[in-house]
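Hi there,

Here is the structure I promised to pass on. Have a look at it first, and my notes follow below.

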Amino acid sequence: FFHAEAGIRDPLWSRGLGDVYKRQNSSRSKPRFVAIDILNEILGNKKSFHELKALGALKNLKPNEKAFVQRLVMDTLRNLDRCDRFLGKYLKKDPKLKVKNILRLGLTELVTGGASHAIVNEAVNYAASNKPTRPMKGLVNAVLRKLSSYEIEVWNEDENIFKLPSWLRVPLINAYGKNTVIEIEKIQSLAPPIDITLKDPSKIDYWAKKLDGRIVFHESIRLESGKQISALPGFKEGDWWVQDIAASIPIRLLGNLSGKRVLDLCAAPGAKTLQLASLGANVTSVDISASRLELLSENLERCGLQADIIQCDAFNIIDKFDIVLLDAPCSATGTIRRHPDLVYCKDGSDFSELIEIQTKLLDHASSIVEDDGLIIYVTCSLLPDEGECQIEKFLDRNDLFEIKKPNRIDKIIPEPWVLSSGDIRITPASLDEKEGLDGFYICYLQKKPNKP
């Protein structure tokens, strides 16, 4: 996996996206057709939704259609095992992947309240529009009509949950125990809510009421999933931005940053940059991706906040800062509740490469922080190798730093989230409610003052 803010490794793989782009460039472009094409790319060619979106898979759709496609694809992936078990009742043998994906997507929409007539018709039309699937349009029609008649009520009685693949499940059980992993999987089976960070936290009561949300962890607002973000009150005016509760914690624990020179080293798309700027910091935001920095610029402008934006490799930064935020590229295993496609795109074979990148970035961060300054090391990973173990090795080779336990712990997060060494571990099951939150590792590394 790649962290959501790490960008795209290699645009050359886009040569395999023929169906998606034919659909997008056609006057017949329909959201359900695009959703099936995207599902084919994820499950057939191991492309992540983030990569497909960045390459324009949704470019010709309206905002509400984009939200519909994303929701439908993600719901299908969260329920893939359950879909296959229900479909198996009506299939004598397993059809080819593209046919199966038509059925999976259709079933998912049926059981989430879609209009059965339109769903079945469009599934059949999609099958008819592609030469490889055309002979199976009768099967698609028959199976989905039977499912719409007999299986909808049974769906919610099924207690099967999303189960992580063994290459990830085994190391997580070793780290947290089987019971915790089962709780994580239950949360990852659900569509996540929308979490919002306010530009001005003092207006939390007003915005919770205005947005019909509820206050979580004092300064975040949680909304039900499925809303079109850009249409909500306060979005265009820049009064808030979308940010998972866990992702907001590293900056919230810092308090007032007025006058501090802060480097956001892997910044795009920039929610943490927005937080830093809103707290009064003089922020420099660095990222290698021009397109993602453009999104960051748009968000800063929308919210009326300022930061110096630099497009370059992180290792080219040599100026020193009071605080260096390193939200490092990682496996993103803590975000599977939001990105269920991730478990179908990778097999864990590139973890060592990511860990090496993190090590190099940490060492570089240590060279550009002022004496008595602070490094904030963050990953949205559940794997200790990318968190606790990474920091342990860093401290072994660098005696100028020590872990600093934040002062505002009791006002922001529960004490049990803080490890004995002072760093912070959050899993999706850490929050005592069914929607959970993203998994994160957070460590504050204090550089010791230079002694004469």
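On the α13 side, Ala247, Ser248, Pro250, Ile251 and Arg252 make the contact, and they meet Lys272, Gln275 and Leu276 of α14. By type, the residues of this contact are 4 nonpolar, 2 polar and 2 charged.

I also looked at helix α18 (residues 388-397). Gln390, Ile391 and Phe394 are its buried residues. They sit on the same side of α18 because they cover an arc of only 95 degrees around the axis. Their packing partners are α17 (351-367), β9 (369-379), β10 (401-403) and β12 (440-447). Glu392, Lys393 and Asp396, on the other side of α18, are exposed.

The chain has a mean pLDDT of 89, with 91% of its residues at 70 or more. Strand β5 (residues 261-264) has the highest confidence, at 98, while helix α1 (residues 18-24) has the lowest, at a mean of 49. Residues 1-16 have pLDDT below 50, and that stretch makes 47 contacts in the model beyond near neighbours in sequence. Residues 23-28 are also below 50, with 20 such contacts. Where pLDDT is low, the predicted coordinates should not be read in detail.

Definitions and conventions: Residues numbered from 1 in each chain as written. Predicted model: local features only at pLDDT ≥ 70, side-chain atom pairs only at ≥ 80, totals over all residues. Heavy atoms only, no water. Contact = heavy atoms within 4.5 Å. Helix = DSSP H or I, 4+ residues; strand = E, 2+ residues; numbered from the N terminus. Nonpolar A, V, L, I, M, F, W, Y, C, P; charged D, E, K, R; others polar. pLDDT = per-residue confidence, 0-100. Buried < 20%, exposed > 50% of the residue type's maximum accessible area, 1.4 Å probe, protein only. Arc of directions from axis to C-beta.
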